[in-house]
Amino acid sequence: MTDADTNTKNPTPWYGRFGFVVSAALIALLVVGGGYLLIVRPAGAPGASPSAATPSAASSSPSASPTGEGCPPPATEELRAGMTLQTAPKDTKWTPLRYSSIASIDGQGPARTETSGYRRCYAHTLNGAALAAANYSAQIVDPDLWEDALRLGAVQEPGMEEQITKMRNEGVNRAGDKFTVVGLTQVTATSADSVTVGLVLVVGDGTVGADLALQWDGQDWRTQPRVDFQKNIDDYMTWGS
């Protein structure tokens, strides 16, 4: 893929596969159900371990079924198209995961933790949408949480079960790449129940931007299965662990 390809704004279907150069290791980003990405090093790439291409028994078997219980009544604000955050959410606490961090704000979420450890349930606010986007990105690259992320945090689409089976077989982020949210380019409402969140992410020694479209499902934010990548990020609000 050329630089021109990576700078386009055309939405990419979640089942598409891309080679996206963000470090000397040429980390590949695999877009999956729900519109976000799993880190998978190509076979033979620097830093890839032999196990990265060889599924284990643990990765090929289903994870524990998520409960999917309803969220507690969320804090809400009336969103209108064009509303946007002028500064990054304040009072954010970052809790480390193995390869990323979970963001939380009192009263904004996440309000529920599944038995697997997957966090969800956010406020119907711009801050809540920002938290949902950041935490979806953190959990989709975790080998223990990615399946719950797809089932509970993504808009469900045809073909997702096939993709989940494929990812069980291939494994998720076995090389242990760090994935860090460092900022926001935007948090903008596009309707009363939809928000676009632009994340700035550090993967390896590279920085990439990704715009996530979130949709309110009546109880929580879910990520739409499309993502726009931006390779050149010039201006953003600092936010992250």
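Arginine 120 is buried, at a relative accessible area of 6% (buried means under 20% relative accessible area, exposed over 50% and partly exposed in between, using a 1.4 Å probe and protein chains only). Its salt-bridge partner is glutamate 114, which is buried too, at 4%. This is a predicted model, in which local features need pLDDT of at least 70 and side-chain atom pairs count only at pLDDT 80 or more, while totals for chains, interfaces and linings use all residues. Residues are numbered from 1 along each chain as its sequence is written, and side-chain values use heavy atoms, with hydrogens and water left out.

**Salt bridges**

- A salt bridge here is a side-chain nitrogen of Lys or Arg within 4 Å of a carboxyl oxygen of Asp or Glu, and by this rule the count comes to seven.
- Side chains of opposite charge can pair when their charged atoms come close.
- In the pair of arginine 120 and glutamate 114, the closest N and O atoms are 2.6 Å apart.

**Two helices tied together**

- Helices are DSSP runs of H or I with at least four residues, strands are runs of E with at least two, and both are numbered from the N terminus.
- Glutamate 147 and arginine 168 form a salt bridge with their closest N and O atoms 2.8 Å apart.
- Glutamate 147 lies in helix α4 and arginine 168 in helix α5, so this pair ties together parts that are 21 residues apart in sequence.
- Both glutamate 147 and arginine 168 are buried.
- A salt bridge also joins glutamate 161 and arginine 151 (2.7 Å, N to O).
- Because glutamate 161 sits in α5 and arginine 151 in α4, that pair links parts 10 residues apart in sequence.
- Glutamate 161 is partly exposed at 41% relative accessible area, and arginine 151 is partly exposed at 22%.
- Salt bridges that share partners join Glu147, Arg151, Glu161 and Arg168 into one network.

**Helix α5**

- The buried residues of α5 (residues 160-170) are Met160, Gln163, Ile164, Met167 and Arg168.
- They cover an arc of only 140 degrees around the axis, which puts them on the same side of α5; the arc is that of the directions from the helix axis to the C-beta atoms.
- Just after α5, glycine 171 takes a positive phi of about 85 degrees.

**The nonpolar core**

- A nonpolar core is a set of buried Ala, Val, Leu, Ile, Met, Phe, Trp, Tyr and Cys residues joined through side-chain atoms within 4.5 Å.
- The largest one has 51 residues, and Val195, Val197, Leu199, Trp221 and Trp239 have the most contacts inside it.
- Helix α3 (126-140) is among the elements that each supply at least two residues, and α3 gives the most, with 10 residues.
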